[in-house]
Amino acid sequence: QVQLVESGGGLVQPGGSLRLSCAASTSIRNIYTMGWYRQPPGKQRELVAHIINGVTNIADSVLGRFTISRDNAKNTVNLQMNSLKPEDTAVYYCKATQYGISYWGKGTLVTVSS
């Protein structure tokens with residue numbers, strides 16, 4: 001069982017930056033797939049970015065603005081979000097997949113508004 005806890009969300013003005021962090025309850029060295037998803041108000045959950053076996057994939061909508069990274073020593077996966085736009089407003093979720101089982105955090109709210 002892997003427990004995930006997201007942090008770092010909040011209110012930010014358009015053009016601003018936030019850094020989200022996802023802390024895992026166990027070592028992530030053997031978790032080959034970790035990523036971030038988001039669910040905008042009234043919409044379905046969508047992929048933002050993930051790392052699979054060391055290969056990074058970023059959604060087109062955030063390419064060039066968001067960066068995903070993982071720190072195996074701290075058991076965290078991070079999402080650096082720059083040049084935020086109102087359409088980035090969503091609940092952001094961390095996901096880990098190990099041995100075919102997916103685990104989700106409870107999410108952290110990001111609101112981009114002036």
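**Core, disulfide and hairpins**

In this predicted model, the largest nonpolar core comprises 30 residues, and those with the most contacts inside this core are Leu4, Trp36, Leu79, Met81 and Tyr92. Two or more residues are given to this core by each of the strands S3 (18-24), S4, S5, S7 (66-71), S8 (76-81), S9 (90-98) and S11 (108-112).

The structure holds one disulfide, which joins Cys22 to Cys94 with an S to S distance of 2.1 Å. Because Cys22 lies in strand S3 and Cys94 in strand S9, the pair ties together parts that are 72 residues apart in sequence. The link of Cys22 and Cys94 is left-handed, with -80° about the S-S bond. Cys22 is buried, at a relative accessible area of 1%, and Cys94 is likewise buried, at 0%.

Strand S4 (residues 33-39) runs antiparallel to strand S5 (residues 46-52), and the two are joined by six bridges, with Gly35 having His50 in S5 as its bridge partner. Six residues lie between the strands of this hairpin, in which Gly42 takes a positive phi near 75°. S5 is also joined to strand S6 (residues 55-58), again antiparallel, by four bridges, and the partner of Ile51 in S6 is Thr56. The hairpin of S5 and S6 has two residues between its strands, and there Asn53 takes a positive phi near 50°.

How values were computed:
Residues numbered from 1 in each chain as written. Predicted model: local features only at pLDDT ≥ 70, side-chain atom pairs only at ≥ 80, totals over all residues. Heavy atoms only, no water. Pairing = 2+ DSSP bridges. Core = buried A, V, L, I, M, F, W, Y, C linked by side-chain atoms within 4.5 Å. Buried < 20%, exposed > 50% of the residue type's maximum accessible area, 1.4 Å probe, protein only. Disulfide = S-S within 2.5 Å.
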